[in-house]
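I opened a new notebook page for this model. I want to go through it chain by chain and write down what I look up.

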Amino acid sequence: MAKSPILEVRNLFKTYRVRRSIGLVETVKAAQDISFAVERGRTLGIVGESGSGKSTVARCLLGLTPLTEGEVLLDGNQLGALGVRKMRSHRRMMQMVFQMPQASFDPTRTVRSSVAEPLRRLRSDMSRTQQDERLAEVLTAVSLGEELWDRKPRALSGGQLQRAAIARALAPDPELLVLDEPTSSLDLSVRGEILSLLQRLQEEFHVAFVLISHDLEAVRVCADDVIVMYLGQVVEEGTAAQVFGSPAHPYTQALIAASKFETDSFELGPKGETDPTAGCRLMPRCPLAEEACSAEQDLVPSATDGRMVRCWKVS
Amino acid sequence: MTLLSPQRERGLMARMFVGPTVGMTIRRSLFFFMLFLAVVAPWLDDFAHVLPFPIYDPLRPDPFNPVSPPTAEHWFGTDTLGLDVFTRVLMATRVDFTLALIGVALGGGLGCLAGAWAAYRRGWVDMVALRIVEVLQSFPVLLLGLAMFAAFGSLEIFGPVDHGMAVLVLSISMVNFPLYLRQVRSVLLPLTEAEFVQAAKCAGLGAWGIVWHHFIPNARGQILALFPLTCAYAIQIIAGLSFIGLGIEPPNPEWGSMIKAGATLIVQGHWWVSVFPGAFIVLSVYSLTGFSARSETLVGPGGTSA
Amino acid sequence: MNSGQANGALLSLSGVEVTINTLSGPVHPLQGVDLDVYPGETVGLVGESGSGKSMTLRAILRLMPPGGAITGGSVKWQDRSVLGLDTDELQAYRGSDVAMIYQNPVSALDPMLSVERQIVDAFKANRATSDGVAEEFARDALRDLEFGNPDVILNRYPHQLSGGMAQRVNIALALACGPSLILADEPTTGLDMTTQIRVLDLLEQQVHARNAALLFISHDLRAVSRVARNIGIMYAGQVVEFGPRERILTDPSHPYARALLECMDLRTGERPRSIPGLVPRMTEEYELCAFRDRCPSRMAACDEEPLPVHKLGRRRRLLCHLGPHHG
């Protein structure tokens, strides 16, 4: 299956204007020059701390917020350039699972009717009976007990609701799921259940994932490829084995050390008061920083194994 | 702490009426009694022979029996024209309830939609909505009614509908529109960024889809609490406008105009002409506000659905 | 159940039960919590949502939610019953004996007051001193918490602080009361990983420097083990296992603790593990083991006899029919 990637992002920029006080408007560069591609049936992990811009990327992908610049190509078609009807057919191909399962369900409606919503809206090509069959299929696929289907969201636990949210996203038969911190608000004993469910569903429905998380462990076991973001920029990208096996960028190294609570191996300095807007964004915190780091850094392929790193010291 | 509560939604409507105390339940069932009267009022005359109380034609004067105090034949006495106050109070229940209900439903319904739309769109839509609200709310209620009568007084635009009633309904709507708009907007404003709204966008819902399927249902509790309260106010407004001679004109039965008719008699000791319609206004408002308090405890924070 | 009397413990909880009356009936979030904290000791409590760990802190402070009450057991502070304190004594106990650090650092601060005002007020609330002394304390405390320029921070308002900074200010606030025990409720959960470790280390360092004790609760065993010498595992309103950090992290005895450790450990190429079944509903009062429906080592005794308490050495305790794990 040497087809085009299901999702391709080219030079995505997103700038917010934030009103600090009367007359003072600041622009925040939430995403700068982000490019990546996701192959069918594979998983791309995006990791980074809060403020790294990973959620902004997710919202841009789904058209929940307009991009400032750049292109998002879904199955070779550019989003945004599409008409309303075409947009709807593309909505079907890309669905999202949100971070907070309780907040992502309308409290006034039953689980069944929430899960049915994208199906009814986006699959008007299916008859009502076909839709109902599909609904039962996905709810069963996520092993959500039938007795819970007609309950209100607050009667379900976080793990159960997150499974319902996955069913909702899968219902219109998408090619790509964007998972925004799908396990972050769940208990540890449930995390494994959701992750293994996602792995199983990927095999079963051959759907691609964009897995956004600050939980590096979750990304390590689920992702094929990984992007590491810091302050709106991609600082490292490569396969999961490369990035987690031998992290090249100082920020990646620090993140991995922190996630294992091994600060002795590699520690970043404290977060500064103001973030730099030019040169290496990590420079004020980086233990390896030198004078030359204040010049703009490019994302360059590393000489040895073809992955990309935004740091001149390692490339 | 997750406190999983079982399905408590189902009994919500029933529990709106029953509990928590016997007194409160009686207070609210009083409303149903009055609503029942309002519904059956036009047919009372047909069943006069089986009714336990004497009923008369509300519009036919009895010149031989004016200003009679309450007796077995005239439970609430008669007025200066000899009209039976009891029959007229019952008939007026129908008029006041109907006008209040239609007016609130019309203005409130539009207010809800506008409020939800303003909360969803924000920006200039929100600003325009709020300016309209402010303008409408800066008029004293009676002045607004007066202005409406001045504006529509001479226009014959309501066809076969009674002109005074139509303008009354419009006035009630104008008063309620901003109330509902404000309330619904403030409840829904925090929801615009909620994840379930984003999920609905991913599901392909447009702006109106989200407003209709997600926003309005989520403001349901507050709408439910506001509705009886505003109906009670509406009854007072109707009575007030009729009292100053706008809206329902005598001899048509209406509580406000009946109070007015008896106002001059009170000083002579003929209290019954004004007191009985007045008592009905008090009772209806009292029973209606009982619902508001109840729905606030039931659907407010810590209640069954929030 | 527990010998909380005169054993030198700073804080001693024994068989604490809490009942909350809600619209849908009573809930029992704590069903017999036993816990001792000794002076200068760091204790961690780990549990998932609904396990009762936050409620344990509330019981210690006697801060009950609406409709809630401590319905059984005892809470002792240096051999005095906290449950018997009157309003004034309780206020003094909450302020100067026990201080609390909350999960959401920004909303735990008063948005209308400067950092300096808040620390100074907290400092003066428990001592009769001048503003000058209090300001000196505030400056020193912030310097101890590695703020490069304390004077700048002192004049800030909560919304001008990042999460990590706000939580360090909260630590300073807690220290300002001069408590013998600091309670910390998931203080680093909302912070970034790299910030989290720094705040944890600073917290532990400052608690030690002031000879205070720390009771730290979190759902994250790794965060707890970073600061706590002794760790308790909570499940369904009970501390089901308590012991030294090394023991709990490497070879716990309770099947729930063992399962939790397995969940933490994700391995490439293997299906991630989870604990099957649901967290028990706390609407029920459990006579028998509450974990037995999910337990891989369930035995006949689990369904018949109430939970035995195994005391292993001075501090180790275990609530399980299996007894201590050897292996």
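This is a predicted model: local features need pLDDT of at least 70, side-chain atom pairs count only at pLDDT 80 or more; totals for chains, interfaces and linings use all residues.

**Entry: the hairpin in chain C**

I started with strand β9 (residues 230-235) and β10 (residues 238-244) of chain C. They pair in the antiparallel sense over 6 bridges. I looked up the partner of C:Ile231 and found C:Gly243 in β10(C). The hairpin of β9(C) and β10(C) has 2 residues between the strands, and C:Ala236 there takes a positive phi near 50°.

I then followed β10(C) to another partner. 2 bridges join β10(C) to strand β12 (residues 316-319) of chain C, and the two run antiparallel. C:Glu241 stands opposite C:Leu318 in that pairing. Is β10(C) enclosed or open? I count 6 of its 7 residues as buried, so β10(C) is largely enclosed by the rest of the structure.

**Entry: strand β8 of chain C**

Next I checked β8(C), residues 213-218. Here 6 of the 6 residues are buried, so the strand is largely enclosed by the rest of the structure. I wanted to see both faces. In a regular strand the side chains alternate between the two faces of the sheet. On one side of β8(C) I find C:Ala213, C:Leu215 and C:Ile217, on the other C:Leu214, C:Phe216 and C:Ser218, and all are buried.

Which strands pair with β8(C)? Strand β3 (residues 42-46) of chain C pairs with it in the parallel sense, over 5 bridges. Strand β7 (residues 181-185) of chain C also runs parallel to it, joined by 5 bridges.

**Entry: the open sheet of chain C**

I traced a sheet of 4 strands in chain C. It is open, has the order β2-β1-β4-β5, and its pairing is antiparallel. The edge strands are β2 (25-37) and β5 (80-81) of chain C, each pairing on one side only. Within the sheet, strand β1 (residues 11-22) and strand β4 (residues 68-77) of chain C share 8 bridges. C:Ser14 stands opposite C:Ser74 in β4(C).

**Entry: contacts with chain A**

I looked at chain C against chain A. 26 residues of chain C are in contact with 27 residues of chain A. On the chain C side, α7, α8 (221-227) and α10 (255-264) each supply at least two residues. α7(C) gives the most, with 5 residues. By class, I list 11 nonpolar, 8 polar and 7 charged residues on that side.

Then I turned to chain B against chain A. 19 residues of chain B are in contact with 22 residues of chain A. On the chain B side, α7 (195-202) and α8 (207-218) each supply at least two residues. The largest share, 7 residues, comes from α7(B). This side has 9 nonpolar, 6 polar and 4 charged residues.

Helix α3 (residues 85-121) of chain B has 37 residues. It reaches 52 Å from its first C-alpha to its last, close to the 54 Å expected at 1.5 Å a residue. I count 27 of the 37 residues as buried, so α3(B) is largely enclosed by the rest of the structure. Just after α3(B), B:Arg122 takes a positive phi of about 55°.

I also picked B:Leu288, found in helix α11 (residues 272-299) of chain B. B:Leu288 has 25 C-beta neighbours inside 10 Å and therefore counts as buried. Not counting residues up to four places away in sequence, B:Leu288 touches B:Phe31, B:Pro228, B:Cys231 and B:Ala232.

**Entry: chain A as a whole**

I closed with chain A. I find 9 helices and 12 strands in it. Its C-alpha trace spans about 65 × 50 × 45 Å along the principal axes. A compact globule of 315 residues would have a radius of gyration near 20 Å, and the 20 Å of chain A agrees. Buried residues make up 49% of the 315 residues.

Technical notes
Residues are numbered from 1 along each chain as its sequence is written. Chains are lettered from A and ligands numbered from 1 in the order in which they are written. Two residues are in contact if their C-beta atoms, placed from the backbone, lie within 7 Å. Ala, Val, Leu, Ile, Met, Phe, Trp, Tyr, Cys and Pro count as nonpolar, Asp, Glu, Lys and Arg as charged, and the others, Gly among them, as polar. A residue is buried if 20 or more other C-beta atoms lie within 10 Å of its own, exposed if 12 or fewer, and partly exposed in between; C-beta atoms are placed from the backbone. Two strands pair if DSSP finds at least two bridges between them. The expected span of a helix is 1.5 Å times one less than its number of residues. The radius of gyration is taken over C-alpha atoms; the globule rule is 2.2 Å times the number of residues to the power 0.38.
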